[in-house]
Amino acid sequence: MRDFLASIASTTNVAISFHAYSQLWLMPWGCYTYKPADYSELLRVGNLAVDAIQGVNGLRFQAGTPPDLLYVASGGEFDYTKAQQGIKYGYSPELRPATELQGGFELPPSNIYPSGAEIFAAIVAVAKNAQHKV
């Protein structure tokens, strides 16, 4: 994966790694309590993704860093792609459901299509609003 990312980093400005569950839109830094210099831009685009998700089915995600929303966590794709590969927009959406009581890692089949529609809308929002590399 490292070699693949290195081969596309000069022409890629967005990297998204999907996870479950919590209904969060996570971004750098996960491994530090401070924010990257361009955090306001990452958050702007992340909030557009969250708004797009809500526009599909009314489901609300929260955008932010792991330390702000969960806890300090190292090893995140978004940290690696930003720090090591220079990919500006690194995100790790934590898909539905919000809690273990709602299914946790075992998403009910009735939630698969709605989840896909929500995340597709979010990806489109990111693609339309992320600044392109020149």
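Begin by selecting Ile 53, which sits in helix 2, spanning residues 39–57, where helices (H or I, at least four residues) and strands (E, at least two) are DSSP runs numbered from the N terminus. What is loaded is a predicted model, in which local features need pLDDT of at least 70 and side-chain atom pairs count only at pLDDT 80 or more, while totals for chains, interfaces and linings use all residues. Residues are numbered from 1 along each chain as its sequence is written, and side-chain values use heavy atoms, with hydrogens and water left out.

With a relative accessible area of 0%, Ile 53 is buried; buried means under 20% relative accessible area, exposed over 50%, and partly exposed in between, for a 1.4 Å probe and protein chains only. Show its contacts (heavy atoms within 4.5 Å): leaving aside neighbours within four places in sequence, Ile 53 touches Trp 25, Gly 58, Leu 59, Phe 61, Glu 118, Ile 119 and Ala 122.

Next, select Ser 17, in the loop between strand 1 (14–16) and strand 2 (19–20). Ser 17 counts as buried because its relative accessibility is 19%, and, not counting residues up to four places away in sequence, Ser 17 is in contact with Glu 77, Tyr 91, Ser 92 and Pro 93.

Finish at Tyr 71, in the loop that runs between helix 3 (66–69) and helix 4 (77–83), where a relative accessibility of 54% makes Tyr 71 exposed. Beyond its neighbours within four places in sequence, Tyr 71 contacts Gly 30 and Pro 66, and the C-alpha atom of Tyr 32, 39 residues away along the chain, is separated from that of Tyr 71 by 9.7 Å.
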